[in-house]
Amino acid sequence: EEIALLVLAAGKVKPKWLRHNLAHAYLVGYAEEEGVIVGTDTLKRPRAEYIARIKQQSGVDLTGYTERGYISIRPEYRGTEVGNRLIQGVIERAEGRKMVIITGAENLPAQKILARNGQRLVRTYHSTRLQKEMQIWMPAEQDPELGDEPWP
């Protein structure tokens with residue numbers, strides 16, 4: 001519950017599926033200091049309807065992928081390497097799973113941390129549900145046939 005509240009506090013995730021996705025995740029990583037969770041990152045199984053919606057809107061079929069997401073860092077811990085360490089730890093524990101990260105095109109802090117941690121932008125698409133541009137990121141070495149989109 002503490003992790004769900006941290007993710008919700010960031011204001012980037014809708015609560016409808018959050019607890020379900022956390023309960024069915026492969027891995028929920030977190031950083032703790034003095035008994036307080038200060039950051040989190042997750043490897044989760046995308047639901048079939050989510051995969052279908054992404055494919056219809058972006059043309060990318062995410063069947064068989066693990067989604068890395070719900071990275072949230074308490075504001076007072078941003079810029080302290082907590083996020084980088086969480087991301088690197090989750091990637092190390094992915095055990096060869098194909099990973100995808102989906103973020104809003106306006107989320108520059110997320111894009112910067114993704115690029116710093118060896119991820120590449122493969123597709124930008126318009127989400128009809130969210131009514132905004134979204135981005136699909138993957139590890140740089142994964143699925144080169146999907147290509148790259150330029151990122152500033």
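The structure holds nine salt bridges, a salt bridge being a side-chain nitrogen of Lys or Arg within 4 Å of a carboxyl oxygen of Asp or Glu. Before you select anything, note that this is a predicted model, in which local features need pLDDT of at least 70, side-chain atom pairs count only at pLDDT 80 or more, and totals for chains, interfaces and linings use all residues. Residues are numbered from 1 along each chain as its sequence is written, and side-chain values use heavy atoms, with hydrogens and water left out.

Select E95 and R97, which form a salt bridge whose closest N and O atoms are 3.8 Å apart. E95 is exposed at 67% relative accessibility, while R97 is partly exposed at 28%; here buried means under 20% relative accessible area, exposed over 50%, and partly exposed in between, with a 1.4 Å probe and protein chains only.

Next, select E106 and K132, where the closest N and O atoms of the salt bridge are 3.1 Å apart. This pair links distant parts of the chain, 26 residues apart, with E106 in the loop between β4 (99-104) and α5 (108-116) and K132 in strand β6 (residues 132-139). Helices (H or I, at least four residues) and strands (E, at least two) are DSSP runs, numbered from the N terminus. E106 is partly exposed at 44%, and K132 is partly exposed at 29%.

Finally, select R120 and D148, a salt bridge with its closest N and O atoms 2.6 Å apart. Is R120 buried or exposed? R120 is buried, with a relative accessible area of 9%, whereas D148 is exposed at 56%.
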